[in-house]
Amino acid sequence: MRLLVVEDEEDLAEAVRLRLVRAGYAVDVAGDAAGARDRLAVNAYDLMLLDLNLPDDNGFDLCREIRSGDIEVQGGADLRVLMLTARGGLDDRVRGLDEGADDYLVKPFALAELLARVRALLRRDTGGTTAVVQVGALRLDAARHAASLDGDALHLTRKEFGVLEYLMTRPGHVVSAEELLEHVWDENADPFTQTVRVTVGTLRRKLGPGQLIETVVGRGYRLKEAL
């Protein structure tokens, strides 16, 4: 999944980015509202972590613009928004939720709680109720960053794990290479490389001879629903 962190405190932004990357997410960072608007217009994010106090605007206004459609959002106006702020008063929390935030986390916060809230928000898109996704004999636990097939652990790289997670939340659906690149890699990925094809290829080899991931010629990849 691809996330956007909007935070002007560089040390905090980098700490959050690194922790999210270690958890397997693709992460971009914007230090102000203008940078966030630019990235939202060109990249399809699954979730935005939004600070309220930005040097050129405030998070309330940015969230309201997203929900109202006043700014272009590549991923759609239903983008998940987790507000991160030191303003923990009741009025601020209520306003944040009323402006369209899906959740609100007050600084200082534990990174473990941040990750749990991110997982919970992302599950809403897939109808999941826990961090575990199961498709046939494939099992993926996002909280523990663990995957298995027929009970045997799969030793996956972060990108292989990300590709598998994305496909497992859409079993039976054709997912294009462009969509995988958009949601599993960050803005530093070169769209003209073969990185998606190579990653899918190594993931297939680790899944064994069953051809669980099908290639749909000219369209992309599909995880078989019946495994």
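Predicted model: local features only at pLDDT ≥ 70, side-chain atom pairs only at ≥ 80, totals over all residues.

Q: How do I describe two packed helices?
A: Two packed helices are described by the angle between their axes and the distance between those axes. Take helix α1 (residues 10–22) and helix α5 (residues 111–123): they pack at an angle of about 60 degrees, with their axes 11 Å apart. That makes α1 oblique to α5, and the crossing of the two is right-handed.

Q: Which residues make the contact of α1 with α5?
A: On the α1 side you'll find Ala15, Val16, Arg19 and Leu20, and on the α5 side Leu111, Leu114, Leu115 and Val118. Sorted by class, the contact of α1 with α5 has 7 nonpolar residues, no polar ones and 1 charged.

Q: What about α3 and α4: at what angle do their axes cross?
A: Helix α3 (residues 59–68) and helix α4 (residues 90–98) have axes that cross at roughly 20 degrees and come within 9 Å. An angle under 35 degrees counts as roughly parallel, so α3 is roughly parallel to α4. As for handedness, α3 passes α4 in a left-handed crossing. Phe60, Asp61 and Arg64 of α3 meet Asp92, Arg95 and Gly96 of α4. By class, that contact of α3 with α4 has 4 charged residues, 1 polar and 1 nonpolar.

Q: And how do α6 and α7 pack: at what angle, and how far apart are their axes?
A: Their angle is about 120 degrees, and the axes are 10 Å apart. The crossing of α6 and α7 is right-handed. Lys159, Gly162, Val163 and Tyr166 come from α6, while α7 brings Glu179, Leu180, His183 and Val184. The contact of α6 with α7 divides into 4 nonpolar, 2 polar and 2 charged residues.

Q: Is α6 largely enclosed or open?
A: Count its buried residues: 9 of the 11 in α6 are buried, so α6 is largely enclosed by the rest of the structure. Among the buried ones are Phe161, Leu164, Leu167 and Met168, and the glutamates Glu160 and Glu165 are buried too.

Q: Where does Thr169 lie?
A: Look at the loop between α6 (158–168) and α7 (177–184). To place Thr169 on the burial scale, use the cut-off: buried means under 20% relative accessible area. Thr169 has 19%, so Thr169 is buried.

Q: What lies 2.8 Å from a polar atom of the side chain of Thr169?
A: That's the backbone oxygen of Tyr166.

Terms used: Residues numbered from 1 in each chain as written. Heavy atoms only, no water. Helix = DSSP H or I, 4+ residues; strand = E, 2+ residues; numbered from the N terminus. Buried < 20%, exposed > 50% of the residue type's maximum accessible area, 1.4 Å probe, protein only. Polar contact = N/O pair within 3.5 Å; in protein donor to acceptor, adjacent residues only side chain to side chain. Axes fitted to C-alpha atoms, helices over the stretch in contact; angles between N-to-C directions. Parallel < 35°, antiparallel > 145°, perpendicular 65-115°, else oblique. Left-handed = near helix turned anticlockwise from the far one by under 90°. Contact = heavy atoms within 4.5 Å. Nonpolar A, V, L, I, M, F, W, Y, C, P; charged D, E, K, R; others polar.
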